[in-house]
Amino acid sequence: MKSQLNVSSVVAALVVAGLVLLPVYSNLSGNIFILTLFTRIVILALSAVSLNLIMGYGGMMSFGHAAYLGIGGYAVGILAQEGIGSGWAQFAVAIAVSALYALVIGALSLRTRGVYFIMITLAFAQMAYYVASGLSRYGGDDGLTVYKRSDFGGLINLGNRVQFYYLCLFCLLAVVVLVWRIVNSRFGLVLQGLRSNEQRMQAIGFPSKRYKLACFVIAGMLCGLSGALLANNTDFVSPAVMYWTRSGDLMVMVILGGMGTLLGPVVGAVAFLVLEEVLSQITEYWAIIMGPLLLLVVLFGRGGIMGMLGRLNRG
Amino acid sequence: MLLVVEQFLNGLQFGLLLFLLAAGLTLVFGIMDLVNLAHGSLYMMGAYFAATFVAWTGSFVLGGVLALGATLLLGIVLEYTALRHLYGRDHLDHVLATFGLILFFNEAVRLIWGPAGLALPLPSWLAFPVTILPGIQYPAYRLAIIVVALLVALLLYLGVMRTRIGMLIRAGASNREMIGALGINIKLLYTLVFGLGAALAGLAGLMQAPILTVQIGMGENILILAFVVIVIGGIGSIRGAFIAAIMIGLIDTMGRAFLPNLLRQVLNSAAASTAAPAMSSMLIYLLMAIVLVARPEGLFPANRR
C-alpha cells in the first residue's frame, strides 16, 4: 500500500517549487544576491544528481567527480578565448570531452573496486587538476576569465540573471527526469542489480563492466554540462574547481541529501550550500558548526535527509 | 652529482615522513576498515602542538614530546567520541564524517591560533650542515629526521612482528571476528591502534614543522599523498606502505628537481618551465594509476581471508 502523503516527496516537491518561484521572490524583494546564490546551488545540484547516478544507483564511489566541472568549464573558457563564442559549440565540446575523459578513466578505474576505486578516481581527478595548472596559455594556476558568456543567439541571453537561472533550473529538472527514466529502464535495473550483487548478475549473463562504464560516461557528460554552466555563472574557471575537496563537497551533498534517491542530491545540495551561507553569516567560523553537523548526520541520520524524512513518514 | 645526492636524501626524508603518516593510515584502514580523511588533521595538530609547546617550554625535545603526547591523547579522544561509532559502516559514511572532522579541525585551529601560519625555529643544536661525503654537505636537521623516522619504522616493524600486541594487531587485520571471539578486548585494541596512528601522524607533523610553515590545510595535501602511498602499497600492509612511501618520496622530489631540465631538452625553455611543475606533480598520480591498473589491489596486498 502506498501512503497518500509521503513526507519526503512533499519536501522534495516543496524544494523544487521553491526553486521555480525563487526569481519571483528575488524580483519582488529586490534581493539579487539570493538569485546569484541559488544559480550556483542549482548548478551544483545538477552535478550532485549526476554523481548520484553512479554512486547511488551504480554503486561506483567516485571521488573525482569535480574533474568534469573543470573540463566543462575549461571547454567554455578556452573556446571563448579562442574566439568561438557559440554556446552550442562550447556546450557540445564540454559534454563530448567529458564523455571521452569518462570513457578512458572509467575503463581503467573499473578494473578496481571498493576503496581502490575511490582512490583511483581521485588520482585521475588530481591529474586533471595538475594538467589545468600547467595550461600556461590559459592562465595556469591563476585560472581563466571568461569575458563573454556562451552565446545562444536570440534563443536565450545568458547575461540576463533570470534567464540564466531558468536555463540552469531547466537543465537540472531535465537531468532529474533523465535520471529517473534511466533508473527505471531496463538498463537502470541491470545497473541496480549490479550494485547489489555483481557476481550474480554476471552469472546470469550481463557484461557488468560495459553497463557500469556506460553509466559512468553518462554521469560524466551530465556533470560536464554542469561545469559549462558553472563557468558561465562565475565568468571564471580555474584549476581549483577540480581540487579534491570539491569532489568531497559533491559527495557530501549526495550523501547528505540521500544517496540513491531521485531528488536527494538536489535537497542535499540546497541544504549544504544554504547552510554554509547561513552559518557563514552568523559566524566567521562557520565550519566549526558545519563539521560536527555532518558527523551527526552520519551517526544518527542514516540515508541522509531523504532517509530521515522517510522514517518520519513511517514512524 | 652533488645535486643528485642532495635530492636523493631529500626524497628519502620526504618518503620516510610519508611513511609515518601512511603507517597509521594503513593500520587504521587495514584493521578497523575505516577511511580516515581526518588523518591529515592529526598531522596538522601535531605541528601546531609542537610550535606551541616548543615556544612554551623553550626546548625542542621537551616540546616535541609534549606535542606527541597531546596528539596521542587527541587521537584517543577522537576515536572514543566519534570514530568508534563508524566501524562497520559504509566507507562513504566514513568519508562524509571525517570530511566533517577536517572542516572542524581547520576551523578550530583558525579560532585558537589565528589564520596566519606559525613558524617553528630549527633547534639550534641541529642547525648546522653535516659533511656526508667529501664536498657534499647536508643539513643536520634533515639527517635527524631520516634517522628518527628510520628508527620509528624499525620499532614499528619489531613491535608489529615480535610483540604480543603486534601479534594481536596482525590477527585483527586478517580476521576481526575471530580475534574478538577468542576473547581479546577488540575495542581497546582499536583505540590503541588509532592512538598509535595519531601519534605517528603527529610525529610526522612536528618533525616537518621547522622545514615548512605550520599552517591551516597543511594536512590535506599530504593526506592525499599518504592515501596514494597506502593504495600503491596495498591497504593494510606496513611493508607495502614503507616501500611505496620511499618510492613516492623519491619520485616526487627527484621529479621536481630534474624534470624541468629534462623537459628543456625537448621543449623550448618557456614551455618547459611552465609545464614542468604540473608534470612533476602528476608523476605520482600517474604511477598510482599504472599500479592500480596493473595490480588492482596494490603492490603488496595484505592477505585477506
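1. Helix α6 of chain B, residues 164-174, has four residues listed as buried, namely Leu168(B), Ile169(B), Gly172(B) and Ala173(B). Viewed down the axis of α6(B), these buried residues fall within an arc of 140°, so they line one face of the helix. An α-helix has 3.6 residues a turn, so residues three or four places apart point the same way. The cover over the buried residues of α6(B) includes α1 (2-32), α5 (140-162), α7 (176-181) and α8 (186-208) of chain B.

2. This is a predicted model, and the points here should be read as such. For chain B the average pLDDT is 87, and 99% of the residues score at least 70. For the complex, the predictor gives an ipTM of 0.78 and a pTM of 0.86.

3. Chain B contains 11 helices and 2 strands. Read from the N terminus, the order of its elements is α-α-α-α-β-β-α-α-α-α-α-α-α.

4. The two strands of chain B, β1 (residues 129-133) and β2 (residues 136-139), run antiparallel and are joined by 4 bridges. Within this pairing, Val130(B) has Tyr138(B) in β2(B) as its bridge partner. The hairpin of β1(B) and β2(B) has 2 residues between the strands, and Gly135(B) takes a positive phi near 85° there.

5. On overall dimensions, the C-alpha trace of chain B spans about 65 × 50 × 35 Å along its principal axes. A compact globule of 305 residues would have a radius of gyration near 19 Å; the value for chain B is 20 Å, which agrees.

6. Of the 305 residues in chain B, 50% are buried. Taking contacts in chain B between residues at least 6 apart in sequence, 77% join residues at least 24 apart.

Notes. Residues are numbered from 1 along each chain as its sequence is written. Chains are lettered from A and ligands numbered from 1 in the order in which they are written. This is a predicted model: local features need pLDDT of at least 70, side-chain atom pairs count only at pLDDT 80 or more; totals for chains, interfaces and linings use all residues. A residue is buried if 20 or more other C-beta atoms lie within 10 Å of its own, exposed if 12 or fewer, and partly exposed in between; C-beta atoms are placed from the backbone. The arc is that of the directions from the helix axis to the C-beta atoms. Two residues are in contact if their C-beta atoms, placed from the backbone, lie within 7 Å. The radius of gyration is taken over C-alpha atoms; the globule rule is 2.2 Å times the number of residues to the power 0.38. pLDDT is the predictor's confidence in each residue, from 0 to 100. Two strands pair if DSSP finds at least two bridges between them.
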